[in-house]
Structure formats: C-alpha cells, structure tokens
Amino acid sequence: MTNVRTDAKELRVELVERVHSIGQVLADGVAQGDRERRLPDATVRAVEESQVGMLWTAQSYGGLETDVRTLSEVTKSLARYCPSTSWVVNNINGSNLLASRFPEVARDEVFGANPGAKLASVFVAMGKAVRADGGYLLSGKWPYSSGILHDDWAILSALETDADGEVVQPVSVLVPVSELTVEDTWATVGMRATGSHTSVATEVFVPEHRVIPFRVQLGRDNATDLSLPPLFRTPAVAAMAVICASVVVGVGQAARAVVVDRAPGRGVAPTVYKSQPDSQTFVSSLGRTALTIDAAELHLRRAADVIDEAAAAAIALPDSELRRIRGDVGQAVSLVTTALDELMWLHGAAAFAESSPMQQYWRDANTAARHAMLNVHVGRELYGGAFFGLDSIVPSL
C-alpha cells in the first residue's frame, strides 16, 4: 500500500508539472477564447499533448486512471492559467468516468482506437429515445454542453418511450458528437471559452449497447465491486462536484497570487501609501481573505480524500457523507466568490480593466459557482437535513 500511495503522489506532482509546462499556451489563449466563445486550437492541442484530459480514463485503454484528489489538484492548476480550459478538462474527465458505466462493446467504440477520446455529459434536460430495430431514435436539445465544440462523444439523458408513446424509464445515451448539431446559445459574462452551447439530436439512431438506464449511469451499485479498480468504484456525481468546485478554488488562488505579486508596486488611492503592503488595513484584509481561500481548499481536500479512501477500500459512502460533500463543495465556492470580491477591493479599480486578469477571474469564478451541483444553498440544506434524517432533496448524490 505504501508504494502505491507514493506512486500516486509522484504522478500527481508530475501531472501538475505538465500543467505548468503548457500554462503559457493556455494563458495566451484566454483573450481569444473569451472573444470567440471557444477554446483556441492551440489550447486544445496542448490539452491533448499533455494528456490532462485522460486522468479518469481506464489504464486498460491507455488512460492514467488517477483519483479524485489528483484531478482536483490538476484542475486548480489549470484554472490558474485559463478557467475555461480547466472547466472543459474537468468535464471531459468526469464524462470519461461516466462512460465506464456502459457495456464493454460501447467503451471499446469510444476508447479502443482513441485513448484520448474527449467526452461531454449533459443531464440538465431529458430528450426522447424511441425504440427502433436494434436500438433507439434519439431526439432532443441539451443546453450547457461544456466543451462540445471539441469533444468526440456525448452522454445525454432521455426518456425511453415505447411504441405507444408511454414512458418506460429515464436512460443515458452515448452518441458521437459528429451525429449531433450544435446551436449557438452560450452568451454569458463568464466562462465564455467553454463554448457550453446546446446539443441537438433529431432522430439519431443509437444502437442498444449505447443506451443504459439512468439509475445505472448515476447510481452507486459499483461502490463495493472488488473486480473494479478504485476509480471505477468512485461515486461519480460526488466526484464531479468536487472537481467542478476545484475550478473555482483554483481561480481564487490565482487571483490571490496576482494581488500579492503586484501589491508592492501599487499604492492605495487616495491615501499617502505608495506601496500597498505599507498599509495595515491592506495586509490585514489580505490575511483574512487568504484564510478564506485556504478554508475553501480544505473543504475540497476533505471531500476528495473521503471519496478516494472509500473507493480504495471498496466501501459505499452513506448518504449522510455524500450530503456533507455537497455541503463542502457549495461552501468552498461560496467562500471563494466572497474572497474574490475582497480581492477586487484590495487590488483597486484597475482590477476591472479589460487587460487585467482579475476581472477575468472574477467573471469566470462567479459564473462557474452558479452551476447546479455547486449551489451553496442546496448544499447547506442537504447537509443540515442529514442531522435530522430528513429525506434528500437531490435524487442523485
């Protein structure tokens, strides 16, 4: 066990170093990505070459098969250079993990000849899957398809219906992006380069082996399956929530670094202070804000470690623990958005210049923090209700 853990830590360090090695490429593409509402080609190439989109792909297909904590660290590092890239990479990895729930024949189609396959997953809306010979005809619209402009496959949700139009069950459907169309609907103030447009299917034929029950897709029946590697015993929804929150925390850490690095050369208008660190108000506020961001990271570390330890031991996490994890991720992003407001005050009005990375961080983090899985109010209600045995208000934890 000691050697395995050492190897895991070494791989984590190596992967973070890979991020730093491509960091300048990512940073150079931020303005273009924000303007064009998609990741630049150079950014996509850097992601592919560094293999940071393969962390949650099975080793049997050439993937890296890492744990939640490792992807969390990589995600935070990516966010330092480009929050949108970090978000797309986290969605690729999370979707690749979800693909592991499909039968082997489907996984072979996706990863067999392309270990670096990039997937999207969208469950915000239900399409319609009508039975046909050998499979289904899929139709529907799925908004917020992060990374869809660069992905190879998509996992979409639908309602299976019989010949009479009656609903049989919710299902999860795996389909090539080349068989979808994309509606340009992503016009936002932040996370613009994620290109989270709407995916559209119009009677797309999907063979039966690429359709599974929704409960299997998001369920936790595999938590104690010793025949699977730890990654594939991981509760996918909880893990993806931690990684989404890691983007926001990474942005907060990046913004703090900008304020600290530039503070000696900036004064405090309209006071007599010619250098911000000379102001006790500045350094005290910075200390408080830095501790707030540290607290957010600690919430994420706790959540990631709990998930990884349970997966390694093949133990199913109880709902009470999964509810606390949702509380952790919501609290983490809430702390960061609060800290970012304070960092904007500390840096000064120049933080809102278009040329400043601060306004980019502020816009991106506040947009990402509003993702449904990161809703701080829902997370607090989930966690609070767990103390009294109240029913969960979220079906899939």
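Helix 8 and helix 9 are roughly antiparallel to each other, a label given to angles over 145 degrees, with under 35 called roughly parallel, 65 to 115 roughly perpendicular and the rest oblique. Before I go on, this is a predicted model, in which local features need pLDDT of at least 70 and side-chain atom pairs count only at pLDDT 80 or more, while totals for chains, interfaces and linings use all residues. Residues are numbered from 1 along each chain as its sequence is written, and side-chain values use heavy atoms, with hydrogens and water left out.

Back to the helices. Two packed helices are described by the angle between their axes and the distance between the axes. The axes are lines fitted to C-alpha atoms, for helices over the stretch in contact, and the angles run from 0 to 180 degrees between N-to-C directions.

For helix 8 and helix 9, the latter covering residues 280-313, the axes come within 10 Å and cross at roughly 160°. That crossing is left-handed, meaning that the near helix is turned anticlockwise from the far one by less than a right angle; clockwise would be right-handed. On the helix 8 side the contact includes Ala238, Val242, Val249 and Arg256, and on the helix 9 side it includes Phe282, Leu286, Asp294 and Glu297. Contact here means heavy atoms within 4.5 Å. By residue type, this contact divides into 16 nonpolar, 3 polar and 3 charged. Nonpolar covers Ala, Val, Leu, Ile, Met, Phe, Trp, Tyr, Cys and Pro; charged covers Asp, Glu, Lys and Arg; the others, Gly among them, are polar.

Helix 8, residues 236-262, also packs with helix 4, residues 68-81: their axes come within 7 Å and cross at roughly 35°. This crossing is right-handed. Helix 4 contributes Val68, Leu71, Ser72, Thr75, Lys76, Ala79 and Arg80, and among the helix 8 partners are Ala239, Ile243, Ser246 and Gly250. The residues of this contact split into 10 nonpolar, 5 polar and 2 charged.

One residue from that contact is worth a look. Is Ser72 buried or exposed? Ser72 is buried, with a relative accessible area of 2%; the cut-offs are under 20% for buried, over 50% for exposed and partly exposed in between, with a 1.4 Å probe and protein chains only. Leaving out residues up to four places away in sequence, Ser72 touches Ile243 and Ser246.

Ser145 lies in strand 2, residues 135-145. Outside the four neighbouring places in sequence, Ser145 touches Val122, Gly195, Ser196, His197, Thr198 and Ser199.

Next, the aromatic pairs. Rings of Phe, Tyr and Trp, the last by its six-membered ring, pair if their centres lie within 6.5 Å; planes under 30 degrees apart are stacked, over 60 edge-to-face and the rest tilted. How many aromatic pairs does this rule give? The count comes to 5. In one of them, the rings of Phe352 and Trp362 have centres 5.4 Å apart and planes at 80°, so the pair is edge-to-face. Phe352 lies in the loop between helix 10 (319-347) and helix 11 (357-368), and Trp362 in helix 11, so the pair ties together parts 10 residues apart in sequence. Phe352 is partly exposed at 48% relative accessibility, and Trp362 is partly exposed at 29%. Another pair, Tyr383 and Phe387, is tilted, at 5.1 Å centre to centre and 45° between the planes. Tyr383 is partly exposed at 29%, whereas Phe387 is exposed at 59%.

Last, some backbone items. The peptide bond from Ala269 to Pro270 is cis, with omega near 0°. Pro270 sits in the loop between helix 8 and helix 9. Two residues other than glycine have positive phi: Arg37, near 60°, and Gln51, near 65°. Arg37 is in the loop between helix 2 (30-36) and helix 3 (41-50). Gln51 is in the loop between helix 3 and helix 4, and is partly exposed at 30% relative accessibility.

Key. Helix = DSSP H or I, 4+ residues; strand = E, 2+ residues; numbered from the N terminus.
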